[in-house]
Amino acid sequence: MSKHVIVIGSGIIGSSIAYQLAKHGARVTVLDEGEPGGIATRASFAWINASWGNPDFYFRLRRRSMAEWRGLAEEVPELKVLWCGGLCWDITGDAREDFLRDHSQWGYGMRVVDRREILSLEPGLADPPAEAVHVAEEGVVEPLDAARALLSAARGLGAELFTPVRVKWLDVEAGRVRGVLLEDGHIHADEVVVAAGAGAPELLASADFILPLDLPPGLLVHTEPAPPVLQGLVMAPELHLRQTREGTLVAGSDFGGTDPGIDPKRTAESLFKNVQGFVKGGENLKLAGYTVGFRPTPRDGLPVIGKIPAVDGLYAAVMHSGITNAAAVGLFAAQEILGGDAREVLLERFRPERFCIN
Ligand SMILES: Cc1cc2nc3c(=O)[nH]c(=O)nc-3n(C[C@H](O)[C@H](O)[C@H](O)COP(=O)(O)OP(=O)(O)OC[C@H]3O[C@@H](n4cnc5c(N)ncnc54)[C@H](O)[C@@H]3O)c2cc1C
């Protein structure tokens, strides 16, 4: 008989894991206390990348996930991944030199481009820099649509989704998970996956596992749909932006969003002014609104992915850069959950046990 796996959380991480579990033959139940598609997920900039700022072992996971996104998009036609490339000039000096040296040694497909080429890639920039790094293999998804496409594909393979259903705590007995406790009942399962983003620490605490999680806020502005002005992702100092297929410009002072400060509306208006000055015809743009999301970031900045020590049948997947990582994490988690002793080598540096206090 196939294993029954409960996935708590229907954001990009839970939906990707649910899809892969269903594809690999599990009986899957997804539970979410909110609307399908997640919380951090819907507020994300959603840049799929293995860009600067991470150690080699994390680069390898991200790069593999970029490849897995390509495969997923072929399997699930509703997933619209846009491989539009990224243009980046937000680091300088030694940091830039390190980025160029390390990432080219690691095989990242990047090129240094001059102003002429920048303008041919992004003719809509009002004031292009003298030089930038272009990475053609980077991409983006509309995050909520992507999570929902994966949920729908999982359901097509027999997975069940129940919302709004809040899991109160994990049912653990004699070192093994038995299922989950709800406000008004209990569901048995062979395995439970905690893909609950900001809600993960509380759930894991009920299994005596303490996950130190930070939730830095990030504000992004969204314009009303406008004629095409950007071809790909642009990472400039103090402004990261992209344009959706529908024409909306999405921007933050960083892809992780701007600190909203004490007056998020004013922060959004000031950010929007920067966007207006950044592209040709910016004076015609209109601010549609802003979002503030909270990035589920384990205390050391790295993802937490794997079986929870001392509790058989309990798996956790909690992280920032979850959009980038979701494709690989979904696949690897399903393989590890259903594959007995299978351990994915690319996940070895991300295991939950690094937070265990002996
Ligand atoms: C402003 C911003 C910009 C970002 N930019 C990028 C980027 O460019 N690239 C990138 O890769 N990543 C980016 N991220 C990070 C990325 O969005 C997150 O890592 C990712 O969305 C996390 O997905 P998730 O499924 O783990 O969490 P979520 O989307 O938060 O989903 C968790 C779900 O669990 C449910 N839940 C929680 N507790 C319970 C419970 N007790 N019972 C039932 N359900 C529960 C919640 O309702 C929620 O739906 C960004 C994030 C933000 C906020």
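This is a predicted model: local features need pLDDT of at least 70, side-chain atom pairs count only at pLDDT 80 or more; totals for chains, interfaces and linings use all residues.
Local features need pLDDT of at least 70, side-chain atom pairs count only at pLDDT 80 or more, and totals for chains, interfaces and linings use all residues. Residues are numbered from 1 along each chain as its sequence is written, and side-chain values use heavy atoms, with hydrogens and water left out.

**View 1. Overall chain, with 8 helices and 21 strands.** Helices (H or I, at least four residues) and strands (E, at least two) are DSSP runs, numbered from the N terminus. The C-alpha trace spans about 65 × 40 × 40 Å along its principal axes. Of the 358 residues, 53% are buried (under 20% relative accessible area, 1.4 Å probe, protein chains only).

**View 2. Open sheet of 8 strands with mixed pairing.** The strand order is β5-β6-β4-β15-β16-β17-β14-β18, where pairing requires at least two DSSP bridges between two strands. β5 (110-114) and β18 (287-294) are the edge strands, each pairing on one side only.

**View 3. Antiparallel strands β15 and β16 with helix α7.** β15 (residues 233-236) and β16 (residues 239-243) are joined by 3 bridges; V234 has L241 as its bridge partner in β16. Helix α7 (residues 264-278) packs on the sheet and touches β14 (217-223), β15, β16, β17 (249-252) and β18, a contact being heavy atoms within 4.5 Å.

**View 4. Hairpin of β9 and β10.** β9 (residues 167-173) and β10 (residues 176-182) pair in the antiparallel sense over 6 bridges. W169 stands opposite L181 in β10. The hairpin has 2 residues between its strands, and A174 in the turn has a positive phi of about 50 degrees.

Definitions and conventions
Axes are lines fitted to C-alpha atoms, for helices over the stretch in contact, and angles run from 0 to 180 degrees between N-to-C directions. Buried means under 20% relative accessible area, exposed over 50%, partly exposed in between (1.4 Å probe, protein chains only).
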